[in-house]
Amino acid sequence: MNKEQLLQLVDSLQLPKAEYYILSSGCLLLYDLRKYAKDLDLCLSKELFENMKVKFNIDSSSKNDCRFYRLNDLVEVVVNDK
């Protein structure tokens, strides 16, 4: 996806802006260091993650080896433990 598509995807999630940040290729795309990203990786606050668990039916089986939870084909999230 290009920058415009990434921003549309982020907006479609309707997340409170103070509760997440964009990681990996999405961040590089926003800073014009890449032209495309294949997915969106987000770091969520603990509180937001608890809300997302219900909305996206997330459980421990959704977690990969890098501690990211898969929401769908385009979005993965990790919890900020701090």
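Hi everyone. Let me start with a term: when I say two strands pair, I mean that DSSP finds at least two bridges between them. And please keep in mind that what we have here is a predicted model.

With that in hand, let's look at the sheet. Four strands make an open sheet, in the order S1-S2-S4-S3, and the pairing is mixed. At its edges sit S1, residues 20–23, and S3, residues 69–70, each pairing on one side only. S1 and S2, which covers residues 40–44, run antiparallel and are joined by four bridges.

Now for the helices. H1, residues 3–13, lies across S1, S2 and S4, the strand at 75–79, and runs at about 40° to S2. H3, residues 46–55, also packs on the sheet and touches S1, S2, S3 and S4. The direction of H3 makes about 120° with that of S2.

For Cys27, which is in no disulfide, the nearest cysteine sulfur belongs to Cys43 and is 12 Å away. Cys66 is in no disulfide either; its nearest cysteine sulfur, again that of Cys43, is 14 Å away.

And are these two buried or exposed? Cys27 is partly exposed, with a relative accessible area of 27%. Cys66 counts as exposed, at 56% relative accessibility.

Conventions:
Residues numbered from 1 in each chain as written. Predicted model: local features only at pLDDT ≥ 70, side-chain atom pairs only at ≥ 80, totals over all residues. Heavy atoms only, no water. Disulfide = S-S within 2.5 Å. Buried < 20%, exposed > 50% of the residue type's maximum accessible area, 1.4 Å probe, protein only. Helix = DSSP H or I, 4+ residues; strand = E, 2+ residues; numbered from the N terminus. Contact = heavy atoms within 4.5 Å. Axes fitted to C-alpha atoms, helices over the stretch in contact; angles between N-to-C directions.
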